[in-house]
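I opened this entry to record what I looked up in the structure.

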Amino acid sequence: MTRGLFPALLWVASGVLLGFILLPVLGLVTATSPGGLRDAAVNEEIRDAVLLSVQDAAITAVIATVLGVPLACLLARRRFPGHALVQAIVDLPLAIPHTVAGIALLFVFGRTGWLGAPLQPVGLSFYGTQAGIIVAMLFVSAPFAVNSARVAFEALDPNVERAARSLGASPGQTFRRVSLPLAWRGILTGAVLVYARSISEFGAVVILAYYPATAPVAIYNLFLSAGLAESASAAVLLLLVALATFLVLRTLASGWLVAGTTRPRR
C-alpha cells in the first residue's frame with residue numbers, strides 16, 4: 001500500500017461513517033422551520049418534558065458515577081472468583097432490548113414488585129414517577145460509568161499506588177489522593193456517556209414511568225397525535241439542548257476547562 005493511500009482510506013471511511021450519522025440529523029433539522037421550533041420551545045408540555053429529561057439524566061449520571069466508581073476500582077485492581085461473571089453482569093444492560101429492560105424493572109420496581117410493593121407504604125413509588133424514570137435510565141446507562149472508570153483505573157501505573165502505600169498511606173487514602181485524581185478524566189467521560197444515554201432513553205422509561213413524560217416519550221406522543229412536522233420541531237429542540245449540554249460536559253471531560261490546559265494535537 002502506497003504512503004498516500006492509507007491516509008486517504010482513513011479519511012474516506014471516516015467520511016462515510018460521519019455522513020451516515022449526520023444525514024438523518026440533517027434531514028430532521030431541514031424539516032423544521034424557525035416558527036415550528038419557536039412553537040415547540042413555548043409549548044409548556046414539550047418544555048417541561050425536555051427539562052425533566054435533562055434533570056433526570058443529570059441525576060442518573062451522578063448516581064451511576066457514585067455507585068460505579070467503587071465497582072470499577074474492584075474490577076480493575078482485584079482478581080476474585082466470579083470476576084468475569086461480574087463484568088458480564090455489568091455489560092448485560094447493553095445486550096438486552098430496552099423494552100425488555102423495562103418489563104424486567106416492572107417485576108422489581110412496579111406496584112407489586114419485589115421492592116416497589118414494600119417501599120410504597122413509606123412513600124417511595126417508582127411506577128409512573130420521577131424515581132421510576134431515574135431507575136430506568138440508571139439500568140440502561142450504568143455500564144458506561146463502570147466501564148469508563150474501569151479502563152481509567154487499569155491504565156494507572158500500579159507502582160504509583162504502591163509508592164503511596166509504602167509511604168504510609170492507607171488503602172482509602174491511596175484511593176482518594178492518588179488513584180481517584182489520576183483517573184478522574186475517565187470517570188468524567190463515563191458520567192458524560194451516562195448522561196447522553198439517559199437523556200435519549202425511551203423503551204425502559206415508557207414501560208416503567210409513562211408519566212411524567214420525558215422528552216422522548218412526549219415526542220413519540222406528539223408524533224402519534226399531531227404528525228411528523230410537529231414532532232420534528234420538538235425533536236430538534238431536544239437535539240439542541242442535548243447537543244449543548246453534551247458539548248459542555250465533553251469539554252469538561254477533556255480537561256480543557258477544568259485543567260486549563262490544551263491537549264497536545266497528534
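I took helices (H or I, at least four residues) and strands (E, at least two) as DSSP runs, numbered from the N terminus. The model is predicted: local features need pLDDT of at least 70, side-chain atom pairs count only at pLDDT 80 or more, and totals for chains, interfaces and linings use all residues. Residues are numbered from 1 along each chain as its sequence is written, and side-chain values use heavy atoms, without hydrogens and water.

**Annotated spans.** I looked up "transmembrane region" in the unreviewed UniProt entry, which lists residues 57–76, 88–110, 130–153, 202–223 and 235–259. UniProt positions follow the numbering used here, feature names are shortened, and annotations may be inferred rather than shown by experiment. I found residues 57–76 to be 100% helix and 0% strand, with end C-alpha atoms 26 Å apart. Residues 130–153 are also 100% helix and 0% strand, and their end C-alpha atoms lie 33 Å apart.

**Helix H4.** I noted a bend of about 30° at Ile89, with a proline, Pro93, following within four residues; the bend is the angle between axes fitted to the seven residues ending there and the seven starting there. His83, Gln87, Val90 and Pro93 are buried in H4, that is, under 20% relative accessible area (1.4 Å probe, protein chains only). Their cover includes helix H3 (44–77), helix H5 (98–109) and helix H7 (130–154).

**Whole chain.** I recorded twelve helices and zero strands. The C-alpha trace spans about 65 × 65 × 35 Å along its principal axes. Of the 266 residues, 36% are buried.

Technical notes: Buried means under 20% relative accessible area, exposed over 50%, partly exposed in between (1.4 Å probe, protein chains only). Contact means heavy atoms within 4.5 Å.
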